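Let us walk through a protein model step by step. Keep the structure in view and find each residue as it is named.

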Amino acid sequence: MTNNQQHPLAMAQATNWVSDSHHSEVDFTITHLTISNVHGRFGKVDATLVYNQADVTKSTVTATIDVATVDTGEEARNSHLKTPDFFDVAKFPAATFTSTSVAKSGNNLLVTGNFTLHGVTKPIVLTVEGPTGPVEGMDHKQHAGFTATTTITRSAFGIGGKFPNAVLGDDIKLNIELDVAKQ
């Protein structure tokens, strides 16, 4: 078989999946005053997964997070987080992730990629559980779920530089929940 004959078969093994915006989000946790954790979320995530069932390591994912959807349960804090002191959503309205590699790690996947937040791009590694077994959604499409976790540092992305680590921790734990629908 020539390469041209193999290529259509490889493409047939990869399927496109798109996030269901009503059931996908990015949650975060950060330490406040070294004594408590503050939780929040970004409620609008648009992700596209090209999933290769035959070889998951050939899969790819891209995602865009609407940073203006930040919600910590406190409106005054949400408003402050949108200012230049933190996310500066007027200048940087979105965060993005583009995978560069996928590797198996036990029952999980390690998805390495470039994460851009606050105008700064850094490589990160997501530890991913999933996919769940597909189920038919109300839209009559197959849906599957993924949960991904990672920790980033706010200083690496130039966020909240006015606040010392004793006031606001440098580590930000991210938990990404994706419900994706087969296209």
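**A buried turn and its strands**

At 15% relative accessibility, His118 counts as buried, because buried means under 20% relative accessible area, exposed over 50%, and partly exposed in between (1.4 Å probe, protein chains only). This is a predicted model, in which local features need pLDDT of at least 70, side-chain atom pairs count only at pLDDT 80 or more, and totals for chains, interfaces and linings use all residues. Residues are numbered from 1 along each chain as its sequence is written, and side-chain values use heavy atoms, with hydrogens and water left out.

Where does His118 sit? Its place is the loop between strand 8 and strand 9. Strands (E, at least two residues) and helices (H or I, at least four) are DSSP runs, numbered from the N terminus. His118 has a positive phi of about 60°, although it is not a glycine. Most residues other than glycine have a negative phi, and most peptide bonds are trans.

Strand 8 and strand 9 form a hairpin, with two residues between them. The two strands run antiparallel and are joined by nine bridges. Two strands pair if DSSP finds at least two bridges between them. Look for Thr112, which stands opposite Val125 in strand 9. Strand 9 also runs antiparallel to strand 11, and three bridges join them. There, Val128 stands opposite Ala148 in strand 11.

Now compare another loop. Thr34 is found between strand 2 and strand 3. Phi of Thr34 is near 60°, a positive value in a residue other than glycine. Is Thr34 buried or exposed? At 58% relative accessibility, Thr34 counts as exposed.

One more loop deserves a stop. Pro131 lies between strand 9 (120-129) and strand 10 (135-136). The peptide bond from Gly130 to Pro131 is cis, with omega near 5°.

Next come the rings. A pair of aromatic rings is described by the distance of the centres and the angle of the planes. Rings of Phe, Tyr and Trp (its six-membered ring) pair if their centres lie within 6.5 Å; planes under 30 degrees apart count as stacked, over 60 as edge-to-face and the rest as tilted. How many aromatic pairs does the structure hold? It holds four. In one of them, the rings of Phe28 and Phe42 have their centres 5.4 Å apart and their planes at 40°, so the pair is tilted. This pair links distant parts of the chain: Phe28 is in strand 2 (residues 25-32) and Phe42 in strand 3 (residues 36-42), 14 residues apart. Both Phe28 and Phe42 are buried.

Phe115 and Phe157 form an edge-to-face pair, 5.6 Å centre to centre with 75° between the planes. Phe115 belongs to strand 8 (residues 108-117), while Phe157 lies in the loop between strand 11 (142-153) and strand 12 (168-182), 42 residues apart. Phe115 is buried, and so is Phe157. Ring pairs also link Phe28, Phe42 and Phe87 into a cluster.

Finally, turn to the core. In soluble globular proteins, nonpolar side chains tend to be buried together. A nonpolar core is a set of buried Ala, Val, Leu, Ile, Met, Phe, Trp, Tyr and Cys residues joined through side-chain atoms within 4.5 Å. Of the 42 residues in the largest nonpolar core, Phe87, Phe115 and Leu117 touch the most other members. Strand 12 gives the most to this core, with six residues. Leaving aside its neighbours within four places in sequence, Leu117 is in contact (heavy atoms within 4.5 Å) with Val67, Phe87, Ala95, Ile152, Phe157 and Ile159.
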